[in-house]
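Hello,

Here is the structure for you to look at. Please open it first, then read my notes below.

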Amino acid sequence: MRLRYGMVAALALTVSLAALQAAQAEIKIGITVSASGPGAALGQPEMKAVGALPSEVAGEKVTYIALDDESDGTKSAQNMRKLITDEKVDAMIGSSLTPTSLPLVDIAFESKTPLMTIAASGALVAPMDDKRKWIFKVVPNDALMAKAIADFIAKKGVKTLGYLGVSDAYGEGYYNELSKLLPQHNITLTTHEVYARSDTSVTGQVLKIISTKPDAVFIASAGTPAVLPQKALRERGYTGPIYQTHGVATEEFIKLGGKDVEGVIFSGEPFTIANDLEESSPFRKVANDYLTRFEKANGSKGNIFGAHLFDSFVLLQNAIPNALKAAKPGTPEFRAALRDELEKTKNVYLNNGLSNMTPTDHNGYDPSSVFFIKVENGAFHLAK
């Protein structure tokens, strides 16, 4: 009987150890997005996209812990530290805005935790250094998008361009890029006006822009706050071309802007005009997969901001199998292996473009990932 008991006890211990090992193998992903505050137009669809993510990858359970940082950089940093310390996450996704993402760079470096940022500024991943080697960015860099739209504007014969952008790193990033690129096309920036995302009026800025009589106006903003300057320009009688950034690629922008946003053109991601691409395009397949999963999880249609978060996990999903061969989840070795595998990303089609990472490029897109998009008859279409 004792021998039998010992065998049963040993079997029970083996089962318990196996269960413990299985629990330790769980992959945890921390998420912080701006689901409230000025960045809510971005953060809310990103938060909803969490429900569209797979619960298992490479045979291992994946758990997501998502927090709202309220569009506040201090809060986003607190969220990330909490998720790393209390939840022992293997990777982070976030945040929605450049100002709420910049504080996370130091934390990612200090904790050696891969961070998939879903903000726009190229400053998050360039120039590459010891800190930024832990950061990977799914949104195309503003430098790539700015060069594309600058070339497009030049081909339209524009010689003077008014500028109005949000007064944070996103707006300033675009201004800095354009101020370098436009002189190469003999285009003069007539203004450098700014406004806060939470502002309710830009009348003063718009009047200054109109007074310079520019051939066209460029607005560097994102989400619904990008509607305010567009409407103000039209209401004040400006009839010239208006260009914006890929941050406006949401149905809410069109619904809120109405006739005032008709004709706006911007350089953007393939997701926004996937239906205008050929049936055989890999970008159509990627977009359909995301939209199907998002609708199943939420009963509504996903947008480009939700696609940012979805694509971030697609990159992680691509890296996880090989990282698991190197170490177990929940360990520093696994986080390091994830970072190394993310850096090896090759030819992965995303809603945001074709991703090819390198040790010096953690954004991974080239001009083939950029499409010119126009608001036409109340919808986004491939600009002709």
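In which loop is N347 found? Look between helix 12 (332-342) and strand 13 (348-350). Bear in mind that this is a predicted model. Phi of N347 is near 50 degrees, a positive value in a residue other than glycine. Is N347 buried or exposed? N347 counts as exposed because its relative accessibility is 53%, and the cut-off for exposed is over 50%.

A58 also has a positive phi, near 55 degrees, and is not a glycine. Find A58 in the loop between strand 2 (56-57) and strand 3 (60-68). For background, most residues other than glycine have a negative phi, and most peptide bonds are trans.

Next, the cis peptide bonds. One joins G94 and S95, with omega about -5 degrees. S95 sits in the loop that runs between strand 4 (91-94) and helix 4 (98-111). Another joins A126 and P127, with omega about 0 degrees. P127 has its place in the loop between strand 5 (115-117) and strand 6 (135-137).

Now the inside. The largest nonpolar core has 102 residues. Among those with the most contacts inside it are I29, I93, F218 and F313. Helix 11 (residues 304-326) gives this core its largest share, 12 residues. Another core, of 17 residues, lies apart from it; L83, A108, L124 and W134 are among its members.

Which residues does I29 touch, leaving aside its neighbours within four places in sequence? Its contacts include V62, Y64, I65, V89, I93, F313 and L316.

Best wishes

Definitions and conventions
Residues numbered from 1 in each chain as written. Predicted model: local features only at pLDDT ≥ 70, side-chain atom pairs only at ≥ 80, totals over all residues. Heavy atoms only, no water. Core = buried A, V, L, I, M, F, W, Y, C linked by side-chain atoms within 4.5 Å. Buried < 20%, exposed > 50% of the residue type's maximum accessible area, 1.4 Å probe, protein only. Helix = DSSP H or I, 4+ residues; strand = E, 2+ residues; numbered from the N terminus. Contact = heavy atoms within 4.5 Å.
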